[in-house]
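Biologist: I would like to walk through a protein model with you. Can we take it one question at a time?

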Amino acid sequence: MEKYNFNAGPSMLPREVIENTAKQILDFNGSGLSLMEISHRSKDFQPVVDESVSLFKELLQIPEGYSVIFLGGGASLQFMQIPANFLIKKAAYVNSGTWAKKALKEAKMFGEVVEVASSADSNYTYYPFGFEASVPEDVDYLHITTNNTIYGTEILKDPDVKVPMVADMSSDILSRPVDVSKYTAIYAGAQKNIAMAGVTVIILKDDMLGKAPRELATMIDYRTHVEKGSMFNTPPVVPIYSMLETLRWVKKNGGVEAAAQRAHQRAELLYGEIDRNKLFRGTVAEDSRSLMNICFVMNDEYKELEKPFFDFATERGMVGIKGHRSVGGFRASCYNAQTVEGVNALIKSMREFEAKY
């Protein structure tokens, strides 16, 4: 039976990315050594890093004056590393979900933090749009989380504000065009749209580095990694290679513009079925619906059918559709590698279950 992977992260990767990475794990570039055992400073691996940087700059149209680095630690480390490097006196944060709230908490250790908008009052069932007017002009940066994986909300445009921005794009990077020039930094854990877990991508505006009024530990200072081209210490070699294969795949399949079209197509199909099917309902405001993480629950009168539907869909090859405990119900994560075929298979399960009950 074919499996359809809707896991929220680590998540589905294109099959060719998995297969090409597996080949290199067995024998990297015909060297007779595994990708897992080569030196990160070898002549064979440096081109992997260089091409990955180049593809990021190409696909996201990153302007001159920005660096792209690859670190470990996940986005959770960036919750601290961002304010350590960029918070001078005061920063503004949009509290749009669990991870945004965690980033805000970490920033408070480095200076004053202003929460300019929040949707916590309704358990994050909407994205708090309209926050732009509430951003003080004297903050060092505005931090946003563009997609909220747990609750299924997303902001699909770059906000217009008069201050530098920082964005956690862990779960929607490469799924739409971005105006990078508006940002001081963009960071993303790889395990959604980029690669296997283990590497974090950070895009940095070079002239904003080194301004923090504090002495930084060597590993925390972004300048360390920019100056060493992500090679100050041993980088996560295999995740970086799988990232390169994914970047090649995105480019081959039309870049981020085409990825955005596919994301809208998948989401329109699945949200259309959620709205049509009398058993289910969406969990967030329609203008906040994520294209990446589509959350839904049983309608109240069919609540007792939640586990039967989960079992029914699982028997038909759906993997990872259980909703986060904060929301319940179901979550279908539709990152770049997800196919229309996979979405239609889930829709078929929903329709068959509706007919049954």
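This is a predicted model: local features need pLDDT of at least 70, side-chain atom pairs count only at pLDDT 80 or more; totals for chains, interfaces and linings use all residues.

Biologist: How are H3 and H4 set to each other, roughly parallel or oblique?

Modeller: The axes of H3 (residues 74–86) and H4 (residues 98–107) come within 8 Å. They cross at roughly 40 degrees. Angles under 35 degrees count as roughly parallel. H3 and H4 are therefore oblique.

Biologist: Which residues of H4 make the contact with H3?

Modeller: The crossing of the two helices is right-handed. H3 brings Ser-76, Phe-79, Met-80 and Pro-83 to the contact. The residues of this contact divide into 6 nonpolar, 1 polar and 2 charged. From H4 come Trp-99, Lys-102, Ala-103, Glu-106 and Ala-107.

Biologist: And H7 with H9: roughly parallel or oblique?

Modeller: H7 spans residues 255–276, and H9 spans residues 340–356. Their axes come within 9 Å and cross at roughly 5 degrees. Angles under 35 degrees count as roughly parallel. So H7 and H9 are roughly parallel.

Biologist: How many charged residues are in the contact of H7 with H9?

Modeller: H7 supplies residues including Arg-266, Glu-273 and Arg-276. Among those from H9 are Arg-351 and Glu-354. By class, the contact has 8 nonpolar residues and 2 polar ones, and its charged residues number 5.

Biologist: Which helix gives the most to the lining of the largest pocket?

Modeller: The largest pocket has a volume of about 400 Å³. Of its 24 lining residues, the closest to the centre are Ala-8, Trp-99, Thr-149, Gln-191 and Lys-192. At least two lining residues come from strand E6 (147–148), and at least two from H3. With 4 residues, the most comes from H3.

Biologist: How many residues of that lining are polar?

Modeller: Sort the lining of the largest pocket by class. There are 6 nonpolar and 4 charged residues, and the polar ones number 14.

Biologist: Which residue does a cis peptide bond join to Gly-9?

Modeller: Most peptide bonds are trans. Here omega is about -5 degrees, and the bond is cis.

Biologist: What is phi of Asn-29?

Modeller: Asn-29 lies in the loop between H1 and helix H2 (46–59). Most residues other than glycine have a negative phi. Asn-29 has a positive value, near 55 degrees.

Conventions: Residues are numbered from 1 along each chain as its sequence is written. Side-chain values use heavy atoms; hydrogens and water are left out. Axes are lines fitted to C-alpha atoms, for helices over the stretch in contact, and angles run from 0 to 180 degrees between N-to-C directions. Angles under 35 degrees count as roughly parallel, over 145 as roughly antiparallel, 65 to 115 as roughly perpendicular and the rest as oblique. A crossing is left-handed if the near helix is turned anticlockwise from the far one by less than a right angle, and right-handed if clockwise. Contact means heavy atoms within 4.5 Å. Ala, Val, Leu, Ile, Met, Phe, Trp, Tyr, Cys and Pro count as nonpolar, Asp, Glu, Lys and Arg as charged, and the others, Gly among them, as polar. On a 1 Å grid over the protein atoms alone, a cavity is a set of points where a 1.4 Å probe fits but cannot get out, and a pocket is an open set with protein on both sides within 12 Å along at least five of seven lines; lining residues have an atom within 4 Å of a point. Grid points are joined across faces, edges and corners, and a volume is the space filled by probe spheres set on the points.
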